[in-house]
Amino acid sequence: MSFQYHLDQIDQAVDFLEERIESNIICFDGPMGGGKTTLISRLCQKWEVVDTVSSPTFSIINHYNSLKKGIIYHFDFYRLESINEALDIGTEEYLDAGKYCLIEWGNRIEPLLPPHYTLVKIQFD
């Protein structure tokens, strides 16, 4: 299923996404600058995250507290050199914790992902 939204329709895109989330693991795939972090920020806003939502490009993982969803983990695996780096930070434990995991560049850790996760593909028009 594919739908097209523009940036000025991001709230509708978040509503559409939220209705179709099939797993607590959500991977956001798209080009650099495609809006992955922007979409995640709006999703976190809807889930009433009380922390500042920002790209974990350098920290690799951010932890947020949500009034609606509890603890949320936000990953950005763009800078990973190898799957071993993901293992070193305990990615498997995060994925198995039963919390929401919002993952940018999830294709870089594909062997670690569970069989069922939600994939959001973002592309430029």
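I began at the end of helix H2, which is followed by Glu48, a residue whose phi is positive, near 60°. I note here that the model I am reading is a predicted one.

I then went back into H2 itself, which spans residues 36-46, and looked up its buried residues, which are Lys36, Leu39, Ile40, Leu43 and Cys44. Seen down the axis of H2, these buried residues fall within an arc of 135°, so they line one face of the helix. I set beside this the general rule that an α-helix has 3.6 residues a turn, so residues three or four places apart point the same way. As for what the buried residues of H2 pack against, I listed helix H1 (10-20) together with the strands S1 (25-29), S2, S3, S4 (100-104) and S5 (118-121).

Next I turned to two of those strands, S2 and S3, which run antiparallel and are joined by 6 bridges. Among the pairings I looked up, Ile61 has Phe75 in S3 as its bridge partner.

My last entry concerns Lys69, which I found in the loop between S2 (61-66) and S3 (70-76). Leaving aside neighbours within four places in sequence, Lys69 is in contact with Trp47 and Tyr100. I also checked Lys69 against Ile103, 34 residues apart along the chain, and noted a separation of 16 Å between their C-alpha atoms.

How values were computed:
Residues numbered from 1 in each chain as written. Predicted model: local features only at pLDDT ≥ 70, side-chain atom pairs only at ≥ 80, totals over all residues. Heavy atoms only, no water. Helix = DSSP H or I, 4+ residues; strand = E, 2+ residues; numbered from the N terminus. Contact = heavy atoms within 4.5 Å. Buried < 20%, exposed > 50% of the residue type's maximum accessible area, 1.4 Å probe, protein only. Arc of directions from axis to C-beta. Pairing = 2+ DSSP bridges.
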